[in-house]
Structures are given as structure tokens and as C-alpha cells.
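These are my notes from going through one structure for the first time. I kept them in the order in which I looked things up.

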Amino acid sequence: MKKMNKYLPYFVLVSVIMIDCIIFYSLMKVMDVLEKELIAALIGFVGSVLGGVITLMGVNATLKHRDRESFLNDVTERLLEIEQLIDSLSGYLNRLFFHNNLEVDASVKCSNIKREAQAFYEKLNSQKKIVYKHLELDKVQIINVYQKTLTPLILKETLNEEEKEECIGKVQSIFNILIKSKDELQEKYYAYKKESNS
């Protein structure tokens with residue numbers, strides 16, 4: 001289906017040209033125009049259309065090549081910064097799971113998890129520039145939604161068991177989005193590399 005959509009505009013263009021040629025030929029036949037003039041006009045028309053199509057294909061190929069080269073030039077910097085962000089946030093996630101599995105009183109456990117979630121939130125806020133610079137906008141918006149819904153939880157005096165689990169879930173979801181974004185960048189890099197090596 002994707003290939004069909006790729007060639008659909010060209011098919012429509014060729015079909016329109018063929019219909020135009022048939023109509024043009026019919027009109028010239030009815031008007032009794034000389035056949036040599038008709039052939040010359042058709043050749044000129046078809047040549048100009050083919051020239052336009054070839055130019056369009058060339059510009060399209062150039063733009064794709066430029067986008068690919070631009071991506072390949074700055075992908076290592078993007079991956080490095082996302083990796084550093086993930087590394088700086090992974091400690092908070094590890095401590096959240098540690099405190100959650102620790103055999104202590106429930107109120108102490110909830111307090112520790114709230115403290116770690118708040119530290120995670122503050123660290124992520126301090127790194128927002130990296131998030132906006134290197135992640136796709138839809139992923140940034142999802143992270144913002146998770147952060148906004150995490151805010152009331154970390155501002156509470158104490159958390160109950162359900163809120164504690166919700167807090168951990170939101171932190172884990174944000175972390176998963178970051179990892180998924182890094183993986184998608186790597187996949188795109190390898191796909192472009194494979195394409196340029198072919």
C-alpha cells in the first residue's frame with residue numbers, strides 16, 4: 001500500500017497527460033490542422049511535462065539526501081545527550097524500586113518514594129532543554145502530561161499505597177519514553193546507514 005501511494009501521483013500525472021493528448025489530437029483532427037504541426041506540438045508538450053517530472057524527482061531525491069545527511073551528521077550528539085539524560089535519571093528509578101521492595105513500614109516506604117519521585121521530577125525539569133531539543137514533539141508532550149500528573153502527587157504531605165504505585169508508574173513511563181526515543185533514533189540511524197551503503 002505504501003509503494004502504491006508513492007507512485008500514485010505519477011500514475012495520475014501520466015493518465016492526465018494521455019487524456020490531454022487524446023483530446024488534443026481529436027480537436028486537431030476536427031479542426032483539420034496539419035499533422036506535422038500536431039506532432040510537433042505534442043512532442044513539445046510531452047517534452048516539457050517530462051522535463052518537469054524529471055526536475056521534480058531530482059529535487060525530491062536531493063531533499064531526501066540532504067535530510068539523511070543532516071540526520072547522520074548530528075545523530076551521535078543527539079544519542080549522547082539522550083544517553084546522558086537516561087543515565088542521570090536511572091538512579092532515581094532504581095532507588096524507587098529499591099524503596100518499594102524494601103521491608104519497612106508503609107508510611108516510611110511511601111515517604112521515601114515520594115522523595116525520590118520529587119528528586120526525579122526536579123532533575124528532569126533541569127534537563128528539559130535536552131528533552132525538547134532531541135525528542136519528537138509528541139513524546140515531549142506525553143512526558144509533560146506525565147510530569148503534570150506527577151506534580152500533585154509529589155506535593156502531597158503523604159502518599160497512600162495507591163498513590164505510591166501511581167507515582168512509580170508515572171516515573172517509569174517517562175523513563176520508558178526516553179529509552180524508546182533513543183532506540184528509535186538508533187534504528188533510524190542504522191536504516192539510513194544501510195541505505196547509504198547500498
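Predicted model: local features only at pLDDT ≥ 70, side-chain atom pairs only at ≥ 80, totals over all residues.

Entry 1, a salt bridge to start. I began with Glu161 and Lys164, whose side chains meet in a salt bridge at 2.7 Å, N to O. I count a salt bridge when a side-chain nitrogen of Lys or Arg is within 4 Å of a carboxyl oxygen of Asp or Glu. Glu161 and Lys164 are 3 residues apart in helix H6, so about one helical turn separates them. Helices here are DSSP runs of H or I with at least four residues, strands are runs of E with at least two, and both are numbered from the N terminus.

Glu161 is partly exposed at 42% relative accessibility, whereas Lys164 is buried at 1%. For these words I use relative accessible area: buried is under 20%, exposed is over 50%, and partly exposed is in between, with a 1.4 Å probe and protein chains only.

Residues are numbered from 1 along each chain as its sequence is written, and side-chain values use heavy atoms, with hydrogens and water left out.

How many salt bridges does the count come to? I get 10 salt bridges. One of them joins Glu166 and Lys170, with the closest N and O atoms 3.6 Å apart. Glu166 and Lys170 both lie in helix H6, 4 residues apart, which is about one turn of the helix. Glu166 is partly exposed at 35%, and Lys170 is buried at 12%.

I also looked up Arg115 and Glu116, which form a salt bridge at 3.8 Å, N to O. Arg115 is partly exposed, with a relative accessible area of 43%; Glu116 is buried, with 8%. Arg95 joins Arg115 and Glu116 in a network of salt bridges.

I count 3 aromatic pairs. Phe71 and Tyr192 are one of them: their ring centres are 5.4 Å apart and their planes stand at 85°, so I call the pair edge-to-face. The rule covers rings of Phe, Tyr and Trp (its six-membered ring) with centres within 6.5 Å; planes under 30 degrees apart count as stacked, over 60 as edge-to-face, and the rest as tilted. Phe71 lies in helix H2 (residues 35-101) and Tyr192 in helix H6 (residues 161-197), so this pair ties together parts that are 121 residues apart in sequence. Phe71 is buried, at 6% relative accessibility.

Next I took Tyr92 and Phe120, an edge-to-face pair with 6.4 Å from centre to centre and 80° between the planes. Tyr92 is in helix H2 and Phe120 in helix H3 (residues 106-126), 28 residues apart, and the pair links distant parts of the chain. Both Tyr92 and Phe120 are buried.

What sits over the ring of Phe71? The charged end of Lys188 does, 4.7 Å from the ring centre. Arg95 lies over the face of Tyr92, at 4.9 Å from the ring centre.

Is Lys182 buried or exposed? At 16% relative accessibility, Lys182 counts as buried. Leaving out residues up to four places away in sequence, Lys182 touches Leu79, Ile82, Glu83 and Ile86; contact means heavy atoms within 4.5 Å.

I find 6 helices and 0 strands, in the order α-α-α-α-α-α along the sequence. The C-alpha atoms fill a box of roughly 100 × 35 × 25 Å along the principal axes. The radius of gyration is 30 Å, whereas a compact globule of 198 residues would have one near 16 Å. That radius is taken over C-alpha atoms, and the globule rule is 2.2 Å times the number of residues to the power 0.38. Buried residues make up 31% of the 198 residues. Of the contacts with a separation of 6 or more, 70% are between residues 24 or more positions apart.

Methods:
Lys NZ or Arg CZ within 6 Å of the ring centre and 35° of its normal.
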